Amino acid sequence: MGTGSCWNCHRVFYYEGGDELCPECRKTLSEKFRTVKEYIYDHPGVKIPDVTEACGVTERQVLRWLREERLYISDDSAIVLTCKNCGRPINTGMYCADCKRAFALAKRENRPDEVPAEDLMTEFTSRRSGRMRYLGKDKDKQ
Ligand SMILES: [Zn+2]
Ligand SMILES: [Zn+2]
């Protein structure tokens with residue numbers, strides 16, 4: 001608990017944990033998320049610039065939702081998302097199924113060197129809330 005500054009508009013607000021986003025931006029973003037999601041499903045041929053133009057969001061935001069596995073692109077989509085490790089096309093998230101499996105195995109066998117730092121961070125992703133949590137950024141420790 002305490003104050004935080006919104007990563008989107010940089011306004012200082014009362015921070016209650018989760019995504020460091022002020023209530024106003026949170027509301028705007030969740031509405032935009034719905035718009036983007038529907039737009040992508042309704043228009044499988046669109047590319048990211050079409051989405052940003054039609055929905056009024058930034059490319060970074062669309063990519064963020066894709067990497068957070070909140071948005072999913074179909075196989076015939078014109079949007080290309082690739083595995084950050086091997087470059088293979090994927091539909092959502094950071095890595096392809098094979099790389100994910102390899103990282104999971106490396107973690108289980110305690111070989112963190114073989115796991116990209118980004119993947120270690122996604123352990124703090126709460127899937128249910130769809131919010132990213134990073135170690136050290138989390139000011140909501142009890
Ligand atoms: Zn804000
Ligand atoms: Zn891969």
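Modeller: Ten residues make up the largest nonpolar core: Val36, Ile40, Val51, Val57, Val62, Trp65, Leu66, Leu71, Ile73 and Ile79. By nonpolar core I mean a set of buried Ala, Val, Leu, Ile, Met, Phe, Trp, Tyr and Cys residues joined through C-beta atoms within 7 Å. Buried means 20 or more other C-beta atoms within 10 Å of a residue's own, exposed means 12 or fewer, and partly exposed is in between, with C-beta atoms placed from the backbone. Helix H1 (23-42) and helix H3 (59-67) each supply at least two residues of this core, and the largest share, three residues, comes from H3.

Before going on, a word on where this comes from. It's a predicted model, where local features need pLDDT of at least 70, side-chain atom pairs count only at pLDDT 80 or more, and totals for chains, interfaces and linings use all residues. Residues are numbered from 1 along each chain as its sequence is written, while chains are lettered from A and ligands numbered from 1 in the order in which they are written.

Take Val62: leaving aside residues up to four places away in sequence, it touches Val36, Ile48, Val51, Thr52 and Val57. A contact here is two C-beta atoms, placed from the backbone, within 7 Å. Then there's Leu29, which belongs to helix H1. Leu29 has 17 other C-beta atoms within 10 Å, so it counts as partly exposed. Its C-alpha lies 8.8 Å from that of Val57, 28 residues apart along the chain.

Now the wider picture. The protein chain has five helices and four strands, in the order β-β-α-α-α-β-β-α-α from the N terminus. Those are DSSP runs numbered from the N terminus: helices are H or I with at least four residues, strands are E with at least two. Of the 142 residues in the protein chain, 15% are buried.

Helix H4 (residues 97-108) lies largely in the open, because one of its twelve residues is buried. From first C-alpha to last it reaches 16 Å, close to the 16 Å expected at 1.5 Å a residue, where the expected span is 1.5 Å times one less than the number of residues. Just after H4, Asn110 takes a positive phi of about 60°.

As for confidence, pLDDT (the predictor's confidence in each residue, from 0 to 100) averages 83 over the protein chain, and 82% of the residues score at least 70. Over residues 122-142 the pLDDT is below 50, and that stretch has 23 contacts in the model beyond near neighbours in sequence.
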